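Here are a few friendly notes to read alongside the model.

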Amino acid sequence: MSEEREVLLSVQHLQQFFKMGKRQLRAVDDVNFDIYKGEVFGLVGESGCGKTTTGRSIIRLYDITGGSVYFEGQRICAGINNYQEVIRNAKGKANERLKILKEQPQSSERDAEIETINSELNALIAEQTALIKSAKHDHKYCNKMYAEQQMRLVRNKYEPLIAAAGTEEEQKKLQAEMKKELRLASNDRVMNKMQMIFQDPIASLNPLMTVKEIIAEGLLIRGIKDKEYINEQVYKVLDLVGLVPEHAGRYPHEFSGGQRQRIGIARAIILKPDLIIADEPISALDVSIQAQVINLLNDLREKLGLTILFIAHDLSVVKYFSDRIAVMYFGKIVELTTSDELFRHPLHPYTKSLLSAIPLPDPHFEKQRKRITYNPLAAHDYSEQQPYMQEVVPGHFIYCNDAEFERYKKEIAELDAKESADLKAVEEKQPKAAKAKTPNTKSKSTKTTTKKKDK
């Protein structure tokens, strides 16, 4: 993608493992993507592929196992498994080399090589240990560092104004304003800039709290105590999501599913976040309500300048709503490109399988539609080389090895050639049709004139 666009969220080598007795469930394994400011990034895949776990890991509902997540350039999540794996692999290789050397006859060259291996291993362990300490520090103190940064911005804003103030009254007024904003900035957290809309609206709302209390909770946690301001903001976001002020005094059980989801959206946007993680926000709703919620999110995106990570398994909805789409399978991203490119040139067999499952409201097409079944053992041969993320064409990434990469490049070149040939054929037909129409019109006009003369 274009390097000029500002990266809001960067996910690098994200790992999220869960313990299952002596084994580990690799729910998310080495996931990488960037989300640019102002875009909708779709994350799709079948149930259980790790979409929701990725969203929850990004927003720190889970402590990630490995990798890093950067928000506005600041690391907010950091795991240490990647660094520990580097140490384990280095120790294993060093032990193999040392075992071979120790079997050889003793000599000064052998001793020098053993010393070199040990020194290299110690240097690598020291380097990775320092990275582990840095990761733990950033993960633990990211909110504190963010609050300090916001306080610095407030001081930089008010100190020149106070110094340039002409009267003592102006200085006192500016100092009071600075003190108020510093208090709010000290309670500010980086997670305030990231909010989540959950899949099940009723399970994510406290049944013992009124709608007003649910929506205003974020403002209270941030340290805002002005009741008039809180009421004003609550009524404002209720209006934005299509509800009325009378709803503020009711409880969640008094609303329909679509209205509950609107309450969840209102709770998410009241803190004016930069990023919204929408975790399948329409899957629990009626089909008629789904379009309303999607249109609401689209309107809020334009009005508030939101960036959205949209998690779903309905590809037709994701195509309509998303700028770029990442396809996830078994904890890994297998394909990532723009929405138009994914539907025009799907390359990975799993993506083709997902697209073949989309039903269309056309009985004739549905009779002929062929489902593609994805079998990873039959579709890939990774015995010689393991796959990794590669860019087939600019902005189109796919998880494959080198042999598959060449095949995908050839496939996309053939598709482009076919499209250009079809377009050329259409362009050639258009002038002929225009020429065919011209003499007919002339002949008609001549016939009418001759008829008039005869009369």
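In what order do the four strands form an open sheet?

1. The order is β2-β1-β4-β5, with antiparallel pairing. β2 and β5 stand at the edges with a single partner strand each, so one side of each has no neighbour in the sheet. On average, neighbouring strands are turned by 25° against each other, direction ignored. Strands here are DSSP E runs of at least two residues, and helices are H or I runs of at least four, numbered from the N terminus; two strands pair if DSSP finds at least two bridges between them.

2. This is a predicted model, in which local features need pLDDT of at least 70 and side-chain atom pairs count only at pLDDT 80 or more, while totals for chains, interfaces and linings use all residues. Residues are numbered from 1 along each chain as its sequence is written, and side-chain values use heavy atoms, leaving out hydrogens and water.

3. Eleven bridges join β1 (residues 7-20) to β2 (residues 23-36). The two form a hairpin with two residues between them, and Gly21 in the turn has a positive phi of about 70°. Met20 has Arg23 as its bridge partner in β2.

4. β4 (residues 66-71) pairs with β5 over four bridges, and Phe71 is partnered by Gln74 of β5.

5. Do look at Arg75 in β5 (residues 74-78). Arg75 is buried, with a relative accessible area of 9% (buried is under 20%, exposed over 50%, partly exposed in between; 1.4 Å probe, protein chains only).

Notes: Axes fitted to C-alpha atoms, helices over the stretch in contact; angles between N-to-C directions.
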